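Subject: Structure for you to look at

Hi,

Here is the structure I promised to pass on. Please open it and keep it in view while you read my notes.

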There are 2 protein chains.
Amino acid sequence: MPLSISKAEMEEMQAFVKHSHRVDLSAYMLELEPEKRALMLRFFSKEQLAELFAELPAEDKINLIESLAQVDLPDILAELDSDELVDSLQELPSNLVTKLLLHIPENRRQVINRLLNYPEGSVGSLMSADYIAVRKRAKVSEVLEKLKTSTAGHEHLNTIFVIDDERRLNGYLYLADLLRLDTEDLSSIIHWRPLTITTGADQEEAAKLFHKYSLLVLPVCDSEQRLVGIITADDIFEVISEEIYEDYALMQGMAPSESSYLETSVITLAKKRIVWLLFLMLSATVTGGIIDHYEAVLSTAVALTAFIPMLMDSGGNSGSQSSTLIIQSLALDELDFSDSVHVVWKEFRVGFLVGTVLALVNILRMLLFTDTDFLVMLTVSVTLLLTIILAKLVGGFLPLLAKKLKQDPAVMAGPLVTTIVDACALLIYFKVAQILIGL
Amino acid sequence: MPLSISKAEMEEMQAFVKHSHRVDLSAYMLELEPEKRALMLRFFSKEQLAELFAELPAEDKINLIESLAQVDLPDILAELDSDELVDSLQELPSNLVTKLLLHIPENRRQVINRLLNYPEGSVGSLMSADYIAVRKRAKVSEVLEKLKTSTAGHEHLNTIFVIDDERRLNGYLYLADLLRLDTEDLSSIIHWRPLTITTGADQEEAAKLFHKYSLLVLPVCDSEQRLVGIITADDIFEVISEEIYEDYALMQGMAPSESSYLETSVITLAKKRIVWLLFLMLSATVTGGIIDHYEAVLSTAVALTAFIPMLMDSGGNSGSQSSTLIIQSLALDELDFSDSVHVVWKEFRVGFLVGTVLALVNILRMLLFTDTDFLVMLTVSVTLLLTIILAKLVGGFLPLLAKKLKQDPAVMAGPLVTTIVDACALLIYFKVAQILIGL
């Protein structure tokens, strides 16, 4: 079937390629039939091809490489910033990587090879080797000359780094300040002792620095304080949201996922979710055991059974409300273990307040809508109050304890809070019943 | 008590002030006794005082203003970028705002007054009015001249905007590209048809654009496409994490909080948490009603009671695992309502897999560790499988439905998933018991 496309359509396509953002272009391209896609590619400049290449999923990268003329490839690779190139290479099969590396000049290949060796999730794997560094005695004209010949992306050039003869990072200056400078004396605009991070640090640490200090760029040094790369703010949005989502996935007992929901297979999703559910189910041996133990109590006051779901839900949810807030504050470095007394005392008071209101509303509800025995009513309400206080204390303290024990608060707090609160709520319930109803 | 401080301490203090980041300086200042603080302030440059001022909490801002000489105030206010100034003014009591506005030159006061009028959380309240805009026929030298006389912060100058005679935004260019440019013809480096956002948009929308398009700056236009401000990447880190934390707080039935945990009062925390707990408790009338209705079943097979907590926990947690993932994908615009069939089918299969494994492990656990009746064992396992499938379907679909109904998926999904799954799990349990045990 021959592809029929009108001149008007062609012109529209050309205008679309010219004016669209690479993110939208790549999303659009993926929807096109292969013939139209090939046609559209002809309207791309080399810079746009490079941008598109960086944006495409792995499989389409392979297709694009195969449909490109061999002569274009080196130009396109040259257009890519080193972090984009490394990300792309990491996605591709090794035979293709070898082929691509042949098209990269020797000096750049060394940089790329070094970047390829940093573990995923490390600052080294996130950083770019494209930046401008000058000596502190450089003249303004020298700096401008370096800038003019740089092929790095604009986002890598807003800050210029100042190094000594051993490439150790001394400071940095802003391009905007350089242009506003009246003298040839750089040192008046250099910011000394910059914040840095090492290649081996977790990307989460970098995200925390960007967030805390409102950074746009962060220099990366090796263990000897030599400048080896930079991270820019646009790399960090992804990291911030990934790290927070990871915390919450862990709190729900799910292993965090790198890929999007629709791209993740059923088996992978099931695997990521099952461990915690198994843990919860097996730990339910405890709650089951408690109920079995007090079977006599339940069979003399069957009415008590009807309130078990309510008590467990209220306890579990009160606890996870508290741990959510504490895990969030820990992630933002607003809290640490030394605040435990403060947190426990605060959660106790919140629990007492919330629990009292709930217990009173519960009595009202039961008086109005049920004909429950007064002692059962009292048992349920007292248990509700005690369970909520306990849940708030456990939910507030466990994440702090996890942090102190150098465990991930989200991993430890999620499953344990539910398990502990469930078991305690039942024990409280039956104890209160024995005392009040005198079973 | 006279303040004794050695010369060495003074020098150390001076060095600390000179080399510390404003975030660390303000944190350090807050820990100092007032006398030392006053002493330390003497080492601050006006630029540093302005930076410190932007960073301090409201109460300390007031103290700082009061301890400053009246002559310094205009200089310090002039050093602040418009977004920092507006943020500060919004925190201060109105009499102080009036006083401060007197120190701001008339033309700047108009800009500030306009910025002060945007509602909190809007793009208008987040943006800065400090940026450089040029006409598209401007010469390179004119642009550089504008830059030289600008007092805006460096982060506002990396991108230069191109406007027409009606101040409508036409495009932008990068400062780095301007310096790399060889001719006087700006148009070759102008990027036309830029992404923009309007002043009235929610800051969450701006965060999504920064994230999706890896932006460092986003121009803000009014309803007639006139450029009125810019947002820079460093403003966005806070928004991204706030928005995600807000989603999760809402999922746990908590009203999101602007202030940090330690700064929030017990009453406020209790208020934020109680609504959902009340809702859950009242909705438990349903689960209680179901148990009452099947009291006869329970009293003939009391053993069934022991498994109620396990079934409710497994159901509730399976459901919230699914809704967590779906809410996350919705927030990242990876999913919408049209994916419902896809999501439901995927969740069904995940639920079937996970449920089957849990049911089998449960049978094994009961065979090994308990002497439960075979029919009870079968009832529990079948219910477990069905409950988990149901929980995954409800947890996966409800957030999508909420989005379709233009409700916040996090607000709606959290409480409803638990309530619906709890009630259904019990109904399934008793129905299966009636069929299998023949009660």
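How many helices and strands does chain A have? The model is predicted, so please keep that in mind. Chain A has 20 helices and seven strands.

Next, the overall form. The radius of gyration of chain A is 30 Å. The globule rule gives 22 Å for 439 residues, and the chain's value is well over that, so chain A is more spread out than a compact globule. Along the principal axes, its C-alpha atoms fill a box of roughly 90 × 70 × 40 Å.

Of the 439 residues in chain A, 54% are buried. Buried here means under 20% relative accessible area. The chain exposes about 19500 Å². Carbon and sulfur atoms supply 57% of that area.

What about contacts? Take those in chain A with a separation of 6 or more. Residues 24 or more positions apart account for 65% of them.

Charges come next. Chain A carries 36 positive and 60 negative charges. Their mean positions are 5 Å apart.

Finally, the pair of chains. What rotation superposes chain A on chain B? The rotation is 180°, with 0.0 Å of shift along its axis. The RMSD is 0.1 Å. The two copies are thus related as by a two-fold rotation axis. How do they meet?

Best wishes

Terms used. Residues are numbered from 1 along each chain as its sequence is written. Chains are lettered from A and ligands numbered from 1 in the order in which they are written. This is a predicted model: local features need pLDDT of at least 70, side-chain atom pairs count only at pLDDT 80 or more; totals for chains, interfaces and linings use all residues. Side-chain values use heavy atoms; hydrogens and water are left out. Helices (H or I, at least four residues) and strands (E, at least two) are DSSP runs, numbered from the N terminus. The radius of gyration is taken over C-alpha atoms; the globule rule is 2.2 Å times the number of residues to the power 0.38. Buried means under 20% relative accessible area, exposed over 50%, partly exposed in between (1.4 Å probe, protein chains only). Contact means heavy atoms within 4.5 Å. Accessible areas come from the Shrake-Rupley method with a 1.4 Å probe; for residues, only the protein chains shown count as cover. Lys and Arg count as positive and Asp and Glu as negative; His and the chain ends are not counted. The place of a charge is taken as NZ of Lys, CZ of Arg, CG of Asp or CD of Glu. Copies are superposed by least squares on the C-alpha atoms of residues with pLDDT of at least 70 in both.
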